[in-house]
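Subject: Structure handover

Hello,

Here is the structure for you to look through. My notes follow below it.

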Amino acid sequence: MDLINRPRRLRSSELVRGMIRETRVSKDGLIYPIFFEEGENIKAPIESMDGQFRYSPDRAKEAIDDCLAHGINKVLLFGIPKEKDEVGSQAYAEHGIVQEAVRAIKEEYKDQIYIVTDVCMCEYTSHGHCGILCGHDVDNDKTLDYLNAIALSHAEAGADMVAPSDMMDGRIGTIRQTLDANGYSNIPIMSYAAKYASKFYGPFRTAAGSAPSFGDRKSYQMDPHNIREAMKEALYDEDEGADILMVKPALSYLDVIRALSERTDLPIATYSVSGEYAMIKNAGKAGLIDEYGIMCESTVSMFRAGADIIITYYAKEIADAIKKGDIG
Ligand code: PBG
């Protein structure tokens, strides 16, 4: 037949498919989240996130060695304190859980591993909100002082990068000023810039005990219906000095990643969150889908949408898949 267009010519073998591939994937852009809790000799399975664990700082080595064995050398740390209070004091305590975990890892691994810390209050406040309450509302400007203190304490402990996830207005600017004024002008800020009020965080909140005790996070996290607002949020953060902009969650927000990649020259990160992980993991376990194949395909879709960096609980498995050539 006399067909003009035969796109199948360039699909005929693995070699030619590899040659024309548009999205090139690298494990260098993967960040693995790790949960730390206070105590000793703990490696506790997280029930809501099969295959993930909560570690005490003295067992950080197991978590990090495992990452390095897969070629993953960037991590994002979360802390689960023993004591929570109204103002989340343990979030900025000199010997708080994240600060101790950072010290333990840096002491052992120095620059072999790049540590990003999540800057937020919800794991540390008794009410589970991401800031300081005034009645039932989260007081934006009061919260900023606390976020500055948290970010500074992480930098002092040795974090390489801080990632504010609270969604208060103006926090990138004030954290930047605080870090600069204290001699940390070289510490970059990865802003959770477009962070949506999402049900996909459910398994994380169970793991971290950080669900709000009343109400929801809709007065600070974004409405899933909006994309122009995401551009506005992200570009404000860029103006305030963010070094990397994040879109979160990932899979249901690929359009936001794409749109942002056309509006900014900053690197774009996306967080494939706990609910995304749990859906793929559990559907795979139930024999309903091919877990490995879907992990690979969904990872490619995030890079294809325009993400440079992916934060994912599958980081180690994805690194293996890249090595095997199952993701290009
Ligand atoms: C802290 C924070 C959350 C996540 C990352 N940082 C929870 C939330 O906003 O409720 C969610 C990560 C995930 O679901 O994997 N604010």
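Are Phe35 and Phe204 buried or exposed? Phe35 is buried, and Phe204 is buried as well; buried stands for under 20% relative accessible area, exposed for over 50%, and partly exposed for what lies in between, with a 1.4 Å probe and protein chains only.

Before the rest, some notes on the basis. This is a predicted model, in which local features need pLDDT of at least 70 and side-chain atom pairs count only at pLDDT 80 or more, while totals for chains, interfaces and linings use all residues. Residues are numbered from 1 along each chain as its sequence is written, and side-chain values use heavy atoms, with hydrogens and water left out.

Aromatic pairs

A search of the whole structure gives twelve aromatic pairs. Rings of Phe, Tyr and Trp (its six-membered ring) pair if their centres lie within 6.5 Å; planes under 30 degrees apart are stacked, over 60 edge-to-face, and the rest tilted. Helices (H or I, at least four residues) and strands (E, at least two) are DSSP runs, numbered from the N terminus.

Tyr196 and Tyr253 have ring centres 4.3 Å apart and planes at 25°, so this pair is stacked. Tyr196 is in the loop between β9 (190-195) and α6, and Tyr253 is in the loop between β10 (244-248) and α8 (254-261), so the pair ties together parts that are 57 residues apart in sequence. Tyr196 has a relative accessible area of 0% and is buried; Tyr253, with 8%, is buried.

There is also one aromatic cluster, formed by Phe35, Phe78, Tyr192, Phe204, Tyr271, Tyr277, Tyr313 and Tyr314.

Salt bridges

The structure holds 18 salt bridges, each being a side-chain nitrogen of Lys or Arg within 4 Å of a carboxyl oxygen of Asp or Glu. In one of them, Glu100 pairs with Arg103, with the closest N and O atoms 2.7 Å apart. Glu100 and Arg103 are three residues apart in helix α3 (residues 97-109), so about one helical turn separates them. Glu100 is partly exposed at 27% relative accessibility, and Arg103 is partly exposed at 26%.

Glu62 forms a salt bridge with Arg59, and here the closest N and O atoms are 2.7 Å apart. Glu62 counts as partly exposed at 36%, and Arg59 as partly exposed at 21%. Glu14, Arg17 and Arg21 are linked in a network of salt bridges.

Surface patches

Patches are made of residues with over 30% relative accessible area and no salt bridge; like charges are joined within 9 Å, and nonpolar side chains (Val, Leu, Ile, Met, Phe, Trp, Tyr) within 5 Å. Arg6, Arg8, Arg9 and Arg11 form a positive surface patch. Arg8 lies in the segment before α1 (14-20) and is exposed at 67% relative accessibility.

Leu10, Met19 and Ile20 form a nonpolar surface patch, with about 300 Å² of accessible area together. Accessible areas come from the Shrake-Rupley method with a 1.4 Å probe. Ile20 lies in helix α1 and is partly exposed, with a relative accessible area of 40%.

Regards

Methods:
Lys, Arg positive; Asp, Glu negative; His and termini not counted. Charge placed at Lys NZ, Arg CZ, Asp CG, Glu CD.
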